[in-house]
Amino acid sequence: MKRMVFVLIVVAIAACVIASAPPRSVQADEQASPIYGVKIPAGYRDWQLIAVKQLHFAGMGEQLRAQVGNDIAMKAYKEGTRPFPDGAIIAAMHWTRVASEDNDNVLDPQFPGTHSFVIGSPVNVQIMVKDSKKYAATGGWGFADFTNGKPGDKALHETCFPCHATAKDRDFVFTNYAPAP
């Protein structure tokens, strides 16, 4: 009888703990962007390269950026398909740009006056997910901006679509596919 009471108490405590825990979807949403619910896609660092660019921000320095796409995005880029099909995902990785004295020392004897720049510290990663029904109000795209793996706040994400609206004629995507050298 004591054993039965003990088992019932353990079961009751376990039920209370489980019932008081937030649902998994709530916990997972902490890793999703506000407004859009976009998360960092697993394995995105292994996706194919779309393009690389350098940006200069007045008073804020320089960034090196690389855009990669999942298989659906890459197929659309290569075939020139616009609008992008649902399921296309584009990730843009951003770093500070820093001078490389090591590279300069190696290159200077052959190419005097050469200055090399490389990736510095990470800035953020931005994600675009195409789902024409879910994101109909924003041109079919959901957006996310992550710094150190954490999504930015709602105010930051409210700026995504207005910025991309300037590229409406390219299905709201700034980056063009870089041809092979």
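In this predicted model, the largest pocket holds about 490 Å³ of space. Its lining takes in 23 residues, and Arg65, His94, Gln126, His164 and Phe174 sit closest to the centre. The largest share goes to β3, with 4 residues. Sorted by class, the lining of the largest pocket comes out as 14 nonpolar, 6 polar and 3 charged residues.

Next comes the second largest pocket, with about 170 Å³ of space. Here 13 residues form the lining, and those nearest the centre are Tyr44, Pro122, Asn124, Val125 and Asn148. Three strands, β3, β4 and β5, each supply at least two residues of this lining. As for the make-up of the lining of the second largest pocket, 7 residues are nonpolar, 5 are polar and 1 is charged.

Val106, Leu107 and Phe111 together make a nonpolar surface patch of about 290 Å². Of these residues, Leu107 belongs to helix α4, which covers residues 101–107. Is Leu107 buried or exposed, or something in between? Leu107 counts as partly exposed because its relative accessibility is 30%, and the partly exposed class lies between under 20% for buried and over 50% for exposed.

Terms used
Residues are numbered from 1 along each chain as its sequence is written. This is a predicted model: local features need pLDDT of at least 70, side-chain atom pairs count only at pLDDT 80 or more; totals for chains, interfaces and linings use all residues. Side-chain values use heavy atoms; hydrogens and water are left out. Patches are made of residues with over 30% relative accessible area and no salt bridge: like charges are joined within 9 Å, nonpolar side chains (Val, Leu, Ile, Met, Phe, Trp, Tyr) within 5 Å. Accessible areas come from the Shrake-Rupley method with a 1.4 Å probe; for residues, only the protein chains shown count as cover. A salt bridge is a side-chain nitrogen of Lys or Arg within 4 Å of a carboxyl oxygen of Asp or Glu. Buried means under 20% relative accessible area, exposed over 50%, partly exposed in between (1.4 Å probe, protein chains only). On a 1 Å grid over the protein atoms alone, a cavity is a set of points where a 1.4 Å probe fits but cannot get out, and a pocket is an open set with protein on both sides within 12 Å along at least five of seven lines; lining residues have an atom within 4 Å of a point. Grid points are joined across faces, edges and corners, and a volume is the space filled by probe spheres set on the points. Ala, Val, Leu, Ile, Met, Phe, Trp, Tyr, Cys and Pro count as nonpolar, Asp, Glu, Lys and Arg as charged, and the others, Gly among them, as polar.
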